[in-house]
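Please read it alongside the sequence and the structure shown here.

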Amino acid sequence: MSLFTPLSVGALDLPNRLVMAPLTRCRAGKDGVPGPMVAEHYAQRASLGLIVTEGTYPSFAGQGFQYQPGLVTEEQIAGWRGVAEAVHAQGGRIFAQVMHAGRVTHEATNGGHEVVAPSAIAIDGETRTYEGKRPFPVPRALETDELPGIIEEFVQASKNAMAAGLDGVELHSANGYLLHEFLAPSSNQRTDAYGGSPENRARFVAEVAAAVAAELGADRVGIRISPEHNVQGALETDPEETRATYAALVDQLAGLKLAYLSILHQDPAGALVQGLRARFGGVVLLNSGFSVITSREEAMAILDSGLADGVAVGRPAIANPDLARRWQEDLPLNTPDSKTFYTGGASGYTDYPRPRQLTPGGWPRSSSAEPPAVVLSPPIRPERVRPRRTHAYADGMESPIQSYLESLHAEIAQLRDGRPDTNIPGISNADPDKFGICVSTVDGYVYEVGDTRDEFTIQSISKPLTYALALADLGTEAVDEKIDVEPSGDAFNELSLAEGSGRPANAMINAGAIAAASLIKGSGGSSRFKRILKTYSDFAGRELDYSQRVYESERRSGHRNYAIAYLLRQFNIIEQDPVPLLEDYFRQCSVLVTCRDLAMVAATLANSGTNPQTGKQVLELDVVDRVLSVMATCGMYDDAGAWLSSVGMPAKSGVGGGIIAVLPGQVGVGIYSPPLDEHGTSVRGGAASLRLSQDLGLHFVHAGRTGRSAIRASYDITAAPSGIRRNDEAAEVLRGHGHRARVVELNGDLLFAGTESMVREVSGLDNHVELVILDLRRVDDAAQVAVDMLGRLRRALSDAGRELLLIDGEATLPYGLAGNGEGGSSAAGPVPCFDTRSAAVEWAENRLISRYGSELCLPEEVPVTASPALAPLDPADAKALAERMEPREYDDGEVIRRVGQRFGGVHFIVSGKVGSSVAEPAGQLKLSTLSAGMTFGELALASEDRQETTVRAEGPVRLMVLPAEAIAALENEDPRLAVELWKALTRDAYTRVDQYLRETAVRLND
Ligand SMILES: Cc1cc2nc3c(=O)[nH]c(=O)nc-3n(C[C@H](O)[C@H](O)[C@H](O)COP(=O)(O)O)c2cc1C
């Protein structure tokens, strides 16, 4: 039986035996409603055989944690419906864990309800509440006649789960919460029928299970227990007592024929667990508890040895949404970040990365409105203004680009100028502290910091989008007849109509935008506004809606826009009743977006009209070109010229506080901060755009229209060794640890896009990679952003105890990371920089050998009898050969063998190093370096007796040489020994050929 064979669990058929263990994550609203982010989280994990949700409370009194979801209110049920739909849309199955916290809570957490438990015994210690940490209270002991009410709460919550469309429930009778409190003698000192004997203590749990099973059908009900877990004061320290209690419980459960019994116990193979399993007789899931994180090996072993029918997996499923695939294919794993387990927000929740090789289309999509953030992007979404440092990548290393954005955000957040718009009553109370920055690359990788998920109204950023739709519907010519493309130099609400024709100057001012909206027609059963909204949603990659409140307020107070519309009507620029048109226009301005949506809108424009995350083509390229041109010249109204010359990106701002900026072929930027300047542009938005442009080299005159990846190849050095021959010890170390050094070959220009893909690649390398060798030899040009980001990358690597090496023979980096650049001159000293790949790899190999090997690996001196080439000989034979050798010594740079010389014998290096090279038109090409313990010269025998390379001493060298004549004599005098010698040399030569072939294979794969 394997983890990946299907399993029937109650009414469900699971495709594999991996069950997502219940994991409290505190991501619901304060009202206990799980929102779209929770849906996204679970939907991402739909490929696991079964998902069991976090513990959800069946009554307010039973709430144990802040931001815990419940199964009580209509809103909570609706929230779970969204989760169920999202998981089912991905083909998954999901049970709700129903959990009454019992005494493991506080009134400041559970909304002021009385804390209840089997007995009035408090837990030692403190609990985190909405009001900070508080000591656990002494609970009130439940009266016997209250117990049916609690059972009813479990039943009702379970029915609610089913009403929400979940597939069943798991009763939480583990980890010290209410049900477990009844089981454990330390927390249950009752004297009624529910306390005292093992049978009595088991009674309440069995009654709950029976009642829920009767209501839902037993095949929809599982239960979780954790005997001897001894947490939260629920102590079960008497083995016999414990065995008897759980035996009594499981005997009663067995009769119910529940879907499964889930056991958390650190000894899955032990008599207690296996005894309970035998008693239960149905599907048993196992989890070995918190002390050691479940590993693939452990999970497989549990199944292979038949200890359980399935495995409940906790933390690996937190960090690896696609755990089933990763474990099945033995792919590298992300490490769970315990700092984000309970912190709220998407960080560490929906943003764990997936393996690079998955295509966007291959990723399970949530059916929730917003596509999962991880489709292509990991990072990072601090919830509030103050950016938190969050892990961004697989192994805890933060992306330098993310860290740059965080520092930029912190800096610009200090700006206190401007104030939110007051003209539109519906948005005048915007929070001036809100501030988010979001950058999306054209391949959909998103960096976010601050308030990037708060909704606000799109306002004028709608203009280019509706204009684009009009262009797509009618073509440029027809639209140009109605709306010009001239910068007006006026403010957004100026009329700016051409004399005579009344044609608005451009589509970015209100007159032009109203005219553009008038060109959109309803079609296929969709009204004009529905089509507009659909287009915006396609841009954002999620379904958007509009704010009825802001719409109403604009409708009531937008007098100037009414005036504009009537004037346009008079000139026949609009050919319809202005009032319904304006209503749609006000609706379009009231569409709710987030900063992240804006970044996706911008990235769609940057990506030639295709949303980089959904892959949907929203616009044709010619429309994109036209829209971006008009945004460049007119998007920032009367500030357009200054904007274009300083920021240099087509952009559009809205009085809601949003701003988009687009660098074609590279990035889309969305920023949100409500305080506006005199042009109606977000103050922080403007300042952040300028800094992004300067710091990341995003001005269009600097950045070509190319977003191709800069990564040419990425491989570890075991696949492409330096070519240096090593002794057996060192070769063994490199075999075991070579994967810790990785070469990343770059090509093209390192402008922003190339730099970004480079830092993304490096930041995402697995934790075991300690040495990162960046090969810059094929990089044509490196902008300042590359130097800055390499500096940051280098610091981030060194903070994580890792090293950066460069291969940069032609000094591509203009400011020389190795010397005076920002990144180079850190406390860690200059970045080691090499001319050739083999030199860099040799350095890395030596580093690994000295780190992981013994002193035997890099010996200063190797007596000839200990030479690896002679290792197959017995010591007497080696000694006999040594006696026929001559010692020779060379100084640095001296030629030992020259190319074309006749075979001159086998040379054994006793100490020092030699380099072999061949002449190339461009000079000597170094092939390899050999050190103590190695041999050379013998390969001449394979090439018509001629030396193929020139061998020079690198520093003082001592050799022992078995000259050609001595070998000839040996063949006559001691043919057996001669054969042994040739056998040993042949073996040695094949080892080298093998190494050579492996290196060549890598180069060919490049
Ligand atoms: C963050 C976190 C939250 C948890 N929340 C719950 C919970 O709500 N209900 C529950 O029965 N167990 C909960 N557990 C326990 C896990 O289900 C699981 O048993 C534990 O993490 C050990 O398994 P692992 O090594 O696979 O992570 C939680 C564990 C963690 C790490």
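How many Å separate a polar side-chain atom of threonine 24 from an oxygen atom of the ligand? In this predicted model, the polar side-chain atom of threonine 24 lies 2.5 Å from that ligand oxygen.

## The ligand and its surroundings

On its own the ligand has 610 Å² of accessible area, of which the protein covers 96%.

The ligand is surrounded by 22 residues, and the closest of these are Thr24, Arg224, Thr294, Gly314 and Arg315.

An open sheet with antiparallel pairing is built from 3 strands, which follow the order E17-E19-E18. Its edges are formed by strand E17, residues 456-457, and strand E18, residues 545-546, each of which pairs on one side only.

Strand E17 is joined to strand E19, residues 591-593, by 2 bridges in the antiparallel sense, and phenylalanine 456 stands opposite valine 593 of E19. Helix H19, which spans residues 595-606, packs on this sheet and touches both E17 and E19, with its direction at about 95° to that of E19.

## The sheet of five strands

A further open sheet, whose pairing is mixed, contains 5 strands in the order E23-E24-E25-E26-E27. Strand E23 (711-716) and strand E27 (833-834) each have a single partner strand, so that one side of each of these edge strands is left without a neighbour in the sheet. Strand E23 runs antiparallel to strand E24, residues 741-750, and is joined to it by 5 bridges; alanine 713 has glutamate 745 in E24 as its bridge partner.

Two helices may be described together with this sheet. Helix H24, residues 752-763, packs on the sheet through contacts with E23, E24 and strand E25 (771-782), and its direction makes about 170° with that of E24. Helix H25, residues 784-799, likewise packs on the sheet, where it touches E24, E25 and strand E26 (803-807), and its direction makes about 180° with that of E25.

Key. Residues numbered from 1 in each chain as written. Predicted model: local features only at pLDDT ≥ 70, side-chain atom pairs only at ≥ 80, totals over all residues. Heavy atoms only, no water. Near = heavy atom within 4 Å. Polar contact = N/O pair within 3.5 Å; in protein donor to acceptor, adjacent residues only side chain to side chain. Areas by Shrake-Rupley, 256 points an atom, 1.4 Å probe, with all protein chains shown as cover. Pairing = 2+ DSSP bridges. Helix = DSSP H or I, 4+ residues; strand = E, 2+ residues; numbered from the N terminus. Contact = heavy atoms within 4.5 Å. Axes fitted to C-alpha atoms, helices over the stretch in contact; angles between N-to-C directions.
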